[in-house]
Amino acid sequence: MKQHSMRISKSLLLNNSTKCFSTLRCLSTAEAVERRNHLYKLEKKRQLEKVGRIEKIEVNYKGVPKDCTLVMNKDISTPYDCAKHFSEWHIETSALALLDGTIHWDMHRPLTESCTLEFQSFNVAEPQQVNKAFWRSCCLVLGACASVAFKDTVPVVLHSFPGPDIRSGSFIYDVDLPTLPDWQPSAQELHTLAAEYIKLSRRKLPIDRLDVSEELALEMFVDNPHKTGQIPSIAKTNGKVTLYKIDKHVDISKGPMISNSGQIGKVAVTAVHKLTGSSDSEVKQLYRFQGVALPTGVILNHFAFSLLIERAKKLNSARSPINPFVDTREPAPESIAARA
């Protein structure tokens, strides 16, 4: 009966997609966020129900207080579930998991086989991957904040964010605001964006991951022409698209990301720059939202952080997605535009 109802639901979903395509394109930003969140939760539930008979796996933990073996549930238990077997400190400080000494894994991503497990905090000896996950997660949260910061009458169409480049000095998200062709945000508007960001961070929301089919990803982002244009190339490798969710906000990223928004500490939204498209570009302009942040627990005095803010106000050197042949880098010799 359950499988029959799932087939009916899928059939109705596809029929609605065909018949109401123009209606979906006209959803407000808030309605589109709600719809995407609803579809995400349905798919998450479907995948959990698909697991069927629960199999056990052995997780060989390495770390404090001592090495041990945990017996967990295959395709259900996550590194976060493993951390709960130890202490609150493990739960709060673990940003990523390291499996078998080589694979960086999301804390809320189900484990698929027996493995060794280490928790990665921001203080690990080799923090490169943890730092990249932090920067990537900051971009995700910035997109979430941009989606809710404007009035309902202002459509917000998220475009993309590049691979993390911490050396650039700022995390970014490129956003299409079609009804605001000449927007120049005031200091107060940037402060409002930062306030939204801080509010989201303080809620300590988990950052969840889900791999979905290309078909479902297209359905979830049917209101966003930028995302639907990107999805086929993302899915061409294995037919899957990796999604991340924080609160109600769902976005596309290869990951991994940190465990929760509470691991983002001091933060500022520093600038919004206009990017102009090339003459043959379908999108004529985007706005590059920029910010800078520190992980929770990293202490920096006000003066030092203000220097980071000033640096993060400069146009980030990441390649423009609508005019890739324009070099946005500052002509200073220390400017580095290495993409991760």
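Predicted model: local features only at pLDDT ≥ 70, side-chain atom pairs only at ≥ 80, totals over all residues.
- Strand E7 spans residues 171-176; strands (E, at least two residues) and helices (H or I, at least four) are DSSP runs numbered from the N terminus.
- Six of the six residues of E7 are buried, where buried means under 20% relative accessible area, exposed over 50% and partly exposed in between, with a 1.4 Å probe and protein chains only.
- In a regular strand, side chains alternate between the two faces of the sheet.
- Phe171, Tyr173 and Val175 point one way from E7, and Ile172, Asp174 and Asp176 point the other way.
- E7 pairs with E12 in the antiparallel sense over five bridges; two strands pair if DSSP finds at least two bridges between them.
- Strand E6 (residues 157-160) also pairs with E7 in the antiparallel sense, over three bridges, and Val157 stands opposite Asp176.

**Arg288 in strand E12**

- Arg288 lies in strand E12 (residues 285-295) and counts as buried because its relative accessibility is 0%.
- The side chains of Arg288 and Asp174 are joined by a polar contact of 2.8 Å; such a contact is a pair of N or O atoms within 3.5 Å, and within protein one must be able to donate a hydrogen and the other to accept it, with residues adjacent in sequence counting only if both atoms are side-chain atoms.
- A polar atom of the Arg288 side chain also lies 3.1 Å from the backbone oxygen of Asn316.

**Aromatic rings**

- The whole structure holds 11 aromatic pairs; rings of Phe, Tyr and Trp (its six-membered ring) pair if their centres lie within 6.5 Å, and planes under 30 degrees apart count as stacked, over 60 as edge-to-face and the rest as tilted.
- Tyr61 and Phe119 form a tilted pair, 5.4 Å centre to centre with 40° between the planes.
- That pair links Tyr61 in strand E1 (residues 56-61) with Phe119 in strand E5 (residues 115-120), 58 residues apart.
- Phe171 and Tyr197 form a tilted pair at 5.8 Å, again centre to centre, with 40° between the planes.
- Phe122, Phe134, Trp135, Phe171 and Tyr197 form one aromatic cluster.

Technical notes. Residues numbered from 1 in each chain as written. Heavy atoms only, no water.
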